[in-house]
Amino acid sequence: MTKRPDTETVVTGPSRRGVLMGATAAAMTASLFTPKSLRAADFPTAEVNTTGLAVTDDAVTIGILHSITGTMSISETGSVQAEKLAIEQINAQGGILGRKIEYIQEDGASDWPTFAEKSRKLLVNDKVASVMGCWTSASRKAVLPVFEQHNGFLYYPTFYEGLEQSPNVIYTGQEATQQIIAGLDWVAKEKGAETFYLLGSDYIWPRTSNKIARKHIENFLGKKVLGEEYYPLGHTQFNSVINKIRLRKPDVIYAIVVGGSNVAFYKQLKAAGIDMTEESPLLLTISVTEDEIRGIGGENIEGAYACMKYFQSLDNENNVEFVSAFKEMWGEDMVIGDVTQAAYLGPWLYKAAVEKAGSFDVDKVREASPGIELTTAPEGYVKVHENHHLWSKTRVGRAQADGQYEVVFETADLVEPDPFPEGYQ
Amino acid sequence: MSDVSTLGLRQSRLFTASEILGYLVLAVVIFIVIPSALDAFRLNLFGKYLTYAFVAIGLVLCWGVGGILSLGQGVFFGLGGYCMAMFLKLEASTPENTAIQSTPGIPDFMDWNQLTELPWWWVPFNSFAVTVFAIVAVPMVLAFVIGLAMFTRRVSGVYFAIITQAIAAIATILIIGQQGFTGGVNGITDLRTLMGWDIRPDNAKTILYFVSGILLFAVLFVAHVIRKSKAGRLMIAIRDREDRVRFSGYNVANFKIFVFCVGAAFAAIGGAMFTLQVGFISPTLVGIVPSIYMVIFCAVGGRSSLIGAVYGALLVNWAQTTFSESFPELWLLAMGALFIAVVMAFPMGLAGLYDDYLKRHVDRVLAPVDRMMIHRAARRESEKLSATRATQPAE
């Protein structure tokens, strides 16, 4: 059991400039939604912590639980970095209810039983007040019973398949309908798409997402699905499906391929002579963020469209500050994908909920969470729904050769999260 | 009483004094030291480690005694775990609990995959008796089929190891691919009660720890008997000189199939206990990596020592937990260093260390006890002999 260095040590560390920069940015942005410098003395520990959490007169301990070893570490590292950045910024402006955030980081090791073990450790042994963590649905499913049994509070950053609404989880990523429906509407309306070819990696998220996509395409848009196929995780031979696509000529390839398979898929598409910049067929994906493009190579995916809620290139003040603070802390060559941004929201939403509740007690934080607003989110304004998901906008970006997306569309209003969509079951 | 018959007794009796001492010490460690030293959370972790000890004991029989290196024990561990999980999942999926689904009353992941009724092969798992039977029987049948196909064709050594590894890979792909029936990558999660008894609270975990401990000793006893039996001694002969055993008229394949099936059953019992303690099962426990880990437990403990295997499983897992908590970024390197150290410094594992440094002292202390035991056994034997002579007059 190790306590990671708290802010004091971090500030004197090598990245002092980054911290100060980040701190200023945070102070500026955060002042919009919290009273400045709440003092711990005004909130006696005995009153704000009645259930024995790891909250003292000057610190609150939270957990960070992601894979930093194993196959998922490439994806989850960005989330860890974003969460640490948020924690540092919050501490620089005085912490939560005047208490510095300290964190205990555990490694889920890309292994679901390990996630369950470590989440028990964080909740039972360390009594952390909340946890920022998990990435894959499998890891979330593994820890969910633990969080519900020990009444923990988890901020989960990944866009996922929905069909879940736990009182012990705040989902800061999009559930499936938020990511799918607006994108399909856009491609049908703006690009005149009539026919779709669905494909994905073979597990719950792509399958559920494609189920929703198919229902929407057939029942709501009145268009046609020409094919639907799945490939095992890690699959690298996509030539047969590429041939089928060339034969059947869909207007849109709707791709939900994940992880290492992405690299093979996009390279083989290009090698087969499908130039995505010509948009015939057009490729729309919900699984490729800026992080994945680093592996795929910008030149291999140029011209493809992705439907997300956040792109690094978003042009607003919050995001400009966030991107520069992130790069100051973690390095100039960093890219920030959708999930990384969603992970960044976790500590901020937690801070806002605790300060609204005036308490660290999980039951009170849960009660206070719906209705919490963040005007400082890099993606813009977000709000916590009664169902523990976020209201957020859906955006479509077009991949550039430099690995960034150019935002070509965003919904006018926030899209309501609907984890159990009727008519899509 | 001739010296020859005492020698026979020395070799064939079921327990020597030092073996009894070894089991006693292990019992004290598992039932007294660990539970009194640890809080409920850590005890539950050790409960999880104990389930791996079942696999390690099976591997000692297969590998240490029989010379069959299996890199696919995770498959049997997983089968046992999945059988138990299916029963628990059906119990958790009452129509009331699953009312929000399109088809209430079936497990949630089936509903997400558009299944509208329970597959026929899930139905028997509504019964606990069938489940308990299946936990042992299903892996044994699979092991029997694999054994029959391999050993009667005299596939052995590294070829057999590679094939078992391929089977582990196939099993993982199969489970992930058939997610409507198996839960896919997520596995079978959110298990709650065992015949109405909530398995989630701390006191339930503590009870499960002791149940695992008792089952472990039952398995140890069976393994010990097999090892001391004639079949066990033949297995060692097969390990060392397979041809000679074959030329002596024994069917080598049958013995190998037998021990492989036993190893599979032990692994499956461990898997079932794992599901109960951890609350879910997933394909990550079936694949190549966990299977290799299981061999490492056995190697660290000492591959020819049953007790060593238990300590190996506990030690390696405890080290893994401790390292990963202390150095989240570096723990894998620490584990690697541990394994290299084991292989370089004490290739026979913990049991080898014991044999080299401690055993002769222990034996010296126990020598009088041992002599007494042999003496008694010899007297009993001769009394039995004279008794039979008395009742059955010579023909």
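Chain A has 425 residues, and a compact globule of that length would have a radius of gyration near 22 Å; chain A comes in at 21 Å, which agrees. (That radius is taken over C-alpha atoms, and the globule rule is 2.2 Å times the number of residues to the power 0.38.) Bear in mind that this is a predicted model, where local features need pLDDT of at least 70, side-chain atom pairs count only at pLDDT 80 or more, and totals for chains, interfaces and linings use all residues. Residues are numbered from 1 along each chain as its sequence is written, while chains are lettered from A and ligands numbered from 1 in the order in which they are written.

Let's stay with chain A for a moment. Its C-alpha atoms fill a box of roughly 70 × 40 × 40 Å along the principal axes. Buried residues make up 57% of the chain, where buried means 20 or more other C-beta atoms within 10 Å of the residue's own, exposed means 12 or fewer, partly exposed is in between, and C-beta atoms are placed from the backbone. Of the contacts in chain A with a separation of 6 or more, 73% link residues 24 or more positions apart; a contact here means C-beta atoms, placed from the backbone, within 7 Å.

Chain A has 15 helices and 15 strands, which are DSSP runs numbered from the N terminus (H or I, at least four residues, for helices; E, at least two, for strands). Three of those strands form an open antiparallel sheet in the order β11-β12-β13, with β11 (373–374) and β13 (390–391) of chain A as the edge strands, each pairing on one side only. Pairing requires at least two DSSP bridges, and β12 (residues 382–384) of chain A has 2 of them to β13(A). Look for A:K383, which stands opposite A:W391 in β13(A).

Now for the meeting of the two chains: 34 residues of chain A are in contact with 30 residues of chain B. On the chain A side, β2 (100–107), α5 (112–125), α6 (137–149) and α8 (204–221) each give two or more residues, and α5(A) gives the most, with 8 residues. By class, that side has 17 nonpolar, 8 polar and 9 charged residues. (Ala, Val, Leu, Ile, Met, Phe, Trp, Tyr, Cys and Pro count as nonpolar, Asp, Glu, Lys and Arg as charged, and the others, Gly among them, as polar.)

Over in chain B, take a look at B:G80 in helix α4 (residues 73–92). B:G80 counts as buried because 31 other C-beta atoms lie within 10 Å. Beyond its neighbours within four places in sequence, B:G80 is in contact with residues including B:I135, B:P139 and B:G271. By contrast, the C-alpha atoms of B:G80 and B:G67, 13 residues apart along the chain, are separated by 24 Å.
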